[in-house]
Amino acid sequence: MKRLILFLVLILMLLSGGLTACNLGEPACLVMPAPIPISPGSTSENTFLPPGTRISFTWLYTGDCLPDQFRVLVSRISTSPYELGFDDLAVLDEKITTAPPATIVYEDGSIAYSMGWDSGVTLPVGLYSWRVTPYSGWYSGERSEWADLIIFDLCDSHDDYSLAPRLIYPRYGQTVSRLDSGLYWLDDNTCILPGVFQAQVSEFTYFPAEATIESPKFNGTYWQVTGLNYCTRYYWRVRTYFGFYSPGPVSETFYFDTASSDGRPCPPDVSEPSAPTPSSPPTAKTLDHANCRAGPSLDFPVLSILPAGNQYEIRARNTPGDSWMVFDPSINNTCWVFADLVEVFGGDTGLVMIIDPDPPPLVMPTETAETVDCSQYNTDQNACNANQACWWDSSVPPNGTCKNK
């Protein structure tokens, strides 16, 4: 009889929800808002870290229910690398249980929890992104925004920064379904210089200024391109600049295709172009040995000497049209050569981009005042006083003398 009563009590408790621990593993938190990354990456002061720094992460959490765990993902690109098929670009991916959080109470009475995790790892020089996701049991909440993390060691000179950006996504020849596709690339240099990247997208195999979509110049390795068309082939590359004007290494060129709007195969392109489509960029052939400079004037230093008879791909011109920016494989970089020293072949030079680098600052010579021999006015006080470099000393006998000031 006692066993029957105990069994009935258990049944009643189950029906009334009295045994909440037996809810078949249902997560304790069902609503978990996105955490807010604080460090590194919330300010420029905590974004740039020197090599050898042990990486610690902090974030704020504002949910009413505290998660059991958080998942910290550090990636070489600002997206989940698994979604793009790049497992090797995830440099850190762990679920962790944080220490008891610190409670922050704001003036309006709202509450946030400050949380952190010391990963215990150091990272090589490079650009990284990280985010954090709350978990309760098997259930995941909203993921945080990506925050930047840059391990930097300044290069001693431009020569130390020699590797061009490595294009990651879209892959060479890939078909993408979205017209707002993200472009991703990597910087594999072991040091960094104050500089920026600029992504370029064109329907041509090179990049005419009038038909190229360009990103702003910035120091990230991701750009979401817009303005693309369905069923179109696009070519893309990434340029680097030291500062905002001095050109640096340029990536190789990839192409990708956009899918149709309805998922069907794209029809073959049978339309005739309204104007000849350039198939290759123009080239410049040196008529004699020529200096190739960092900019389009004698104010810029010489970067390379181009041997006579060699041909170089033209990448840009200046506004006056008296200089070409060419790519010199011997230095794996671009440089400027005067137009009258080369002969141009192929392509439409009217479509190449126009760049006008600022000249380097001039070092002006210090002006020295012209030396005046005031003794020539010893017999003429009026002439002495009229010269600003001289003064009349009346104490010198017999009648005074003219001296330099």
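A disulfide is taken here as a pair of cysteine sulfur atoms within 2.5 Å, and the structure, a predicted model, holds 5 of them. Local features were considered at pLDDT of at least 70 and side-chain atom pairs only at pLDDT 80 or more, whereas totals for chains, interfaces and linings use all residues. Residues are numbered from 1 along each chain as its sequence is written, and side-chain values rest on heavy atoms, with hydrogens and water left out.

In one of the disulfides, the sulfur atoms of Cys-29 and Cys-65 lie 1.9 Å apart. The torsion about this S-S bond is about -75 degrees, so the link is left-handed. Because Cys-29 belongs to the loop between helix H1 (2–15) and strand S1 (36–39), and Cys-65 to the loop between strand S3 (56–61) and S4, the pair ties together parts that are 36 residues apart in sequence; helices (H or I, at least four residues) and strands (E, at least two) are DSSP runs numbered from the N terminus. Cys-29, at 1% relative accessibility, counts as buried, while Cys-65, at 26%, is partly exposed, where buried means under 20% relative accessible area, exposed over 50% and partly exposed in between (1.4 Å probe, protein chains only).

A disulfide also joins Cys-374 to Cys-390, with an S to S distance of 1.9 Å and a left-handed torsion of -85 degrees. Cys-374 lies in the loop between strand S27 (353–354) and helix H2 (381–386) and Cys-390 in strand S28 (residues 390–393), so this link connects parts that are 16 residues apart in sequence. Both Cys-374 and Cys-390 are buried.

The protein chain comprises 2 helices and 29 strands, and buried residues account for 40% of its 405 residues. Strand S8 (residues 126–136) is mostly covered, with 11 of its 11 residues buried. Gly-126, Tyr-128, Trp-130, Val-132, Pro-134 and Ser-136 point one way from S8, whereas Leu-127, Ser-129, Arg-131, Thr-133 and Tyr-135 point the other way.

Strand pairing, which requires at least two DSSP bridges between two strands, links S8 to several neighbours. S8 and strand S4 (residues 69–75) are antiparallel and share 7 bridges, with Val-132 of S8 as the bridge partner of Val-72. Another 5 bridges join S8 in the antiparallel sense to strand S10 (residues 147–151), where Ile-151 stands opposite Gly-126. Strand S9 (residues 139–140) is likewise antiparallel to S8, through 2 bridges, and Tyr-135 has Ser-140 in S9 as its bridge partner. S8 and S9 form a hairpin with 2 residues between them, and Gly-137 in the turn has a positive phi of about 65 degrees.
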